[in-house]
Amino acid sequence: MHCLSPITPIIHPLFTKKKLNVLIKRDDLIHPIISGNKWRKLQENIVIAKTQGYKGILSFGGAYSNHVHALAFACYQENINCIGIIRGESHYENNATLTQARKWKMDLKFITRQEYRERNDSAFIAQLQARYPDYYIVPEGGSNKAALVGVGNVIQELDEQCEFDTLIVAVGSGGTLAGIVNADENRHALYGVPVLKNAEYLYDSIKQLLPDQALTYNNWQLLLNYHGGGYGKFSEQDANTLIDFIKKTKIPLEPIYSGKMILALLDLVKKDHFKPGEKIVLVHTGGLQGLQGLSEQNRIHLPDWNIS
Ligand SMILES: *Cc1c(COP(=O)(O)O)cnc(C)c1O
């Protein structure tokens with residue numbers, strides 16, 4: 001199998017001290033522009049859009065969404081029409097994420113935050129489908145059953161790249177973890193780190209995506225206490241911990257997804273959750289384009305997050 005991304009060891013004094021073997025699957029390197037896991041999730045969806053007679057793809061996201069950004073690029077590259085239903089006011093079209101999406105010809109439609117809450121309701125979807133007939137509607141985050149195919153390749157690739165005991169990945173809508181759980185077939189300990197508060201509902205979202213035979217797998221769990229205050233939130237201390245980690249390891253991170261996975265790992269390692277000699281694989285899902293938006297909003301000092 002052709003591996004889309006490399007796997008590399010992480011050298012960090014804490015891991016050395018605790019005798020842990022930590023590696024990172026660099027899906028952030030899959031593509032220079034778009035988020036790795038979003039790329040994998042879109043693969044099968046692009047095939048469906050192209051082969052089942054659709055006029056284009058319609059999907060949803062926030063104004064800084066990695067999914068919207070990735071979808072815009074993927075459709076541009078494949079010459080597929082695409083509509084992005086964006087949460088919030090139209091002035092966001094000038095932020096870094098949406099400026100690029102527009103450059104890639106995504107047609108942006110802004111809706112209020114209140115309307116956006118209905119994004120998964122069947123009545124709202126039916127209304128959109130009536131308005132945009134022949135468009136293939138992909139849910140927020142690109143997390144549908146078709147997405148599992150591409151994400152499952154993370155496991156197929158790891159089977160060739162290394163042996164491991166444990167895998168950790170950041171979780172937003174759950175599609176990425178669902179694809180990993182499905183492909184892993186109950187072999188390794190799998191941890192998802194939700195980046196949102198009160199994320200217990202993700203157990204149901206993930207089960208809804210899984211095929212029946214995967215519902216019996218009991219090797220995965222969500223670590224619900226590492227959301228750092230909620231989606232997009234992070235403390236100055238968390239930011240400093242991540243900046244220190246970036247300096248030590250030369251692994252680029254952002255504080256919305258991959259950063260929360262790292263903070264969870266560091267905490268668990270400090271608490272001796274893992275056994276000496278354990279081999280842990282982190283999945284770097286990408287998302288680095290988000291740093292630009294955080295910098296625009298003066299929430300980070302961009303040079304601190306550069307690897308150098
Ligand atoms: C979307 C995203 C995730 C979460 O993936 P889900 O499939 O929505 O759970 C993790 N990391 C990055 C960088 C993302 O953009």
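Leaving aside neighbours within four places in sequence, Thr176 is in contact with Asn37, Lys41, Val151, Val169 and Thr285, where contact means that heavy atoms lie within 4.5 Å. The model in which these contacts occur is a predicted one, in which local features need pLDDT of at least 70 and side-chain atom pairs count only at pLDDT 80 or more, whereas totals for chains, interfaces and linings use all residues. Residues are numbered from 1 along each chain as its sequence is written, and side-chain values use heavy atoms, with hydrogens and water left out. Thr176 is found in helix α8; helices (H or I, at least four residues) and strands (E, at least two) are DSSP runs numbered from the N terminus. With a relative accessible area of 6%, Thr176 is buried, a term that stands for under 20% relative accessible area, while exposed stands for over 50% and partly exposed for values in between (1.4 Å probe, protein chains only).

Nine of the 10 residues of α8 are buried, so the helix is largely enclosed by the rest of the structure; among the buried residues are Gly175, Leu177, Ile180 and Asp184. Just after α8, Glu185 takes a positive phi of about 50 degrees.

Thr176 also belongs to the surroundings of the ligand, for 17 residues surround the ligand, and the closest are Lys38, Lys41, Ser173, Thr176 and Thr285; a residue is counted as near if one of its heavy atoms lies within 4 Å. A polar side-chain atom of Asn37 lies 3.0 Å from an oxygen atom of the ligand, and a backbone N or O atom of Gly172 lies 2.7 Å from an oxygen atom of the ligand. A polar backbone atom of Gly175 is 3.3 Å from an oxygen atom of the ligand. The protein covers 98% of the 380 Å² of accessible area that the ligand has on its own, with accessible areas taken from the Shrake-Rupley method with a 1.4 Å probe (for residues, only the protein chains shown count as cover). The elements that give two or more residues to the shell around the ligand are α2 (36-51), β7 (166-171) and α8 (175-184), and the largest share, three residues, comes from α2.

Strand β7 holds Thr166, which is buried with a relative accessible area of 2%. The side chains of Thr166 and Glu278 are joined by a polar contact of 2.7 Å; such a contact is a pair of N or O atoms within 3.5 Å, and within protein one must be able to donate a hydrogen and the other to accept it, while residues adjacent in sequence count only if both atoms are side-chain atoms. Leaving aside neighbours within four places in sequence, the residues in contact with Thr166 include Ala189, Tyr191 and Phe274. The C-alpha atoms of Thr166 and His188, 22 residues apart along the chain, are separated by 5.7 Å.

For the protein as a whole, the secondary structure comes to 12 helices and 10 strands. The radius of gyration is 19 Å, close to the 19 Å that the globule rule gives for 308 residues, so the protein is as compact as a globular protein of that length; the radius is taken over C-alpha atoms, and the rule is 2.2 Å times the number of residues to the power 0.38. Buried residues make up 56% of the 308 residues.
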